[in-house]
Amino acid sequence: MSTLVSFTSDARYLKQKVLKKVAELAFAGKLEQKKDKIPYEIIPGMTPHFRCCVYKEREIIRERVILASGGPKDAQDNQLVSVIQSACEGCPINRFRVTENCQKCMAKHCIAACPFGAISITGAGAYIDQSKCKECGRCAAACPYSAITDTIRPCKRSCPADAITMDENKLCVIKEDKCIGCGACVAACPFGALSDTSKMVDVIEAIKSGEELWAVFAPSIEGQFGPQITIPMIKDALLRAGFAHVQEVAVGADAVAQHEAEELLENKKLGRKMTTSCCPAFVNLIEKHYPTLAPLISHTVSPMQAIGRYIKSQDRDAKVVFLGPCIAKKGEAARYPEDVDYVLTFEEIAALLGAKDIEFDKTITGDSDASVFGRGFMAGGGVGKAVVTAYEDLPGSEGLPVSCASCAGGAECKKALTLLKAGKMMEDILEGMACPSGCVSGPAAILPPQRRKPAAPDSPHPNATLEKFDFSKVDMTK
């Protein structure tokens, strides 16, 4: 494997191995004829390493290969996350279990509380027949000794949208009408049974065909490949991988800050609250679960859309590939296909670089094109800080001070939106990010925030960026 990636779990290690192998075969033009052999190359011999048997391990790899190669042909267009059934089948969790705290008491409140006849008393204590249990939780609530534990499956517990349920075989099922695409379940599943579908092969084919692709990367790429790897080094590596041009999405973030500040001023004069719109999962959360708040969503495009529109205003035939830690961005690109053509995660771009044996050239020097504020969009609170800073320089903002509330992570976002819905949010604008700590904690990030040390940017103001990049002719509204 390439030294570009640091693995945080066996599940992610295997996912990365599959992505890299698929990328290698795609570059060599041999994917279709050799992809069936990938499970045997990654899981050789007859000794299992992670599961009960090599046959199950290979089936999981086979399903991963399908997702890495573009996904199943019958997948829904709006399906951002898929369930690898053979991996999910290994999850051993039954939600309610009896612990050694059971005293075999005479009251037998658990039996009386269960409407399904799932509980009996044995010599060892209470016993739950899982084939009858409907996971209503009444037994756990009734037990005076708290001897029945409620263990929610990690995927279900992590989902802020209540979009995950289980089928009759206790396999994970995602309700697409509720899913916001945040990818929290992907990050939470310890078996790696949930995964996004990759368009990496399409991008590789475009590179091979000689298309002039623009790679645009999210601000959260800083530190992803180690503290010594700078923005100029990343740009150089992407150019050597075959992209014709490379640009920072943080440039678009500076433009977004300016435009959203103007929108904030209009709303302030009207006495109306608003929310940010840069996080597509946060926008999905509002539209699907707090629809009455949808009119308050900023009409400003996201930084990804902004830089995509800027590039295409310069070259209408340009193809734009967004690189980020976010799964929800794949849904946003599908929603606005005129702005961005492909979305790859950091995991996928690491596999692509690794497939071409590209290492970072540490002799490359240079500066970022964006301001400290545009690059700050990567972290919770960064968007609001940029917007308020731009707002304070707007003509007409004098005497109209504004404040910003920020929320990061599904639970925090739901609390903040509940306050906003109830009319109890005091601030003028709500910055929302679905991932804890912001985009730096995206589900497809390579390194967690605590293991990264992004360089300290030094550009002073969003306006400094807009002096170099003219967005005046770019439509910044959705």
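This is a predicted model: local features need pLDDT of at least 70, side-chain atom pairs count only at pLDDT 80 or more; totals for chains, interfaces and linings use all residues.
**Entry 1: a covered helix**

How many of the eleven residues of helix α11 are buried? I looked this up and found nine of the eleven, so I noted α11 (residues 231-241) as mostly covered, where buried means under 20% relative accessible area, exposed means over 50%, and partly exposed is in between, with a 1.4 Å probe and protein chains only. Residues are numbered from 1 along each chain as its sequence is written, and side-chain values use heavy atoms, with hydrogens and water left out.

I also wrote down how elements are named: helices (H or I, at least four residues) and strands (E, at least two) are DSSP runs, numbered from the N terminus. The buried residues of α11 are I231, P232, M233, I234, K235, D236, A237, L238 and A241. Their cover includes α10, β9, β10, β12, α16 (346-355) and α17 (372-375), with contact meaning heavy atoms within 4.5 Å. Just after α11, I found G242 with a positive phi of about 125°.

**Entry 2: the sheet**

Next I traced an open sheet of four strands, in the order β10-β9-β12-β13, with parallel pairing. Its edge strands are β10 (245-248) and β13 (342-345), and each of them pairs on one side only. On average, neighbouring strands in this sheet are turned by 25° against each other, direction ignored. For pairing, DSSP has to find at least two bridges between two strands. Strand β9 (residues 213-217) pairs with β10 in the parallel sense over four bridges. A reminder to myself: strands of a sheet pair through backbone hydrogen bonds, either parallel or antiparallel.

Which strands does helix α10 lie across? I found α10 (residues 200-208) across β9, β12 (319-324) and β13, running at about 115° to β13. Helix α14 (residues 303-314) lies across β9, β10, β12 and β13, and runs at about 155° to β12. For such angles, axes are lines fitted to C-alpha atoms, for helices over the stretch in contact, and the angles run from 0 to 180 degrees between N-to-C directions.

**Entry 3: one glutamate**

Is E248 buried or exposed? I located E248 in strand β10, and it counts as buried because its relative accessibility is 2%. Leaving aside neighbours within four places in sequence, E248 is in contact with F217, I231, K235, I307, S368, D369 and A370. Two of those names, I231 and K235, were already on my list of buried residues in α11.

**Entry 4: two positive phi values**

I then checked two residues in loops. K104 is not a glycine, yet has a positive phi of about 55°. K104 is found in the loop between β2 (96-98) and α6 (109-113), and is partly exposed at 45% relative accessibility. S146, also a residue other than glycine, has a positive phi near 50°. S146 is found in the loop between α7 (138-142) and β5 (148-150), and is exposed, with a relative accessible area of 53%.

**Entry 5: cavities and a pocket**

The method uses a 1 Å grid over the protein atoms alone: a cavity is a set of points where a 1.4 Å probe fits but cannot get out, a pocket is an open set with protein on both sides within 12 Å along at least five of seven lines, and lining residues have an atom within 4 Å of a point. Grid points are joined across faces, edges and corners, and a volume is the space filled by probe spheres set on the points.

How many cavities of 30 Å³ or more does the structure hold? I noted ten. The largest cavity has about 300 Å³ of space. It is lined by 26 residues, and C278, C279, K329, F377 and C439 are the closest to its centre. Helices α12 (249-270), α13 (280-289), α14 and α15 (328-335) each supply at least two residues of that lining.

The second largest cavity has about 110 Å³ of space. Of its 15 lining residues, C102, C105, C110, A126 and C143 lie nearest its centre.

Finally, I looked at the largest pocket, with about 630 Å³ of space. It has 32 lining residues, and G183, A184, V186, A187 and P443 are the closest to its centre.
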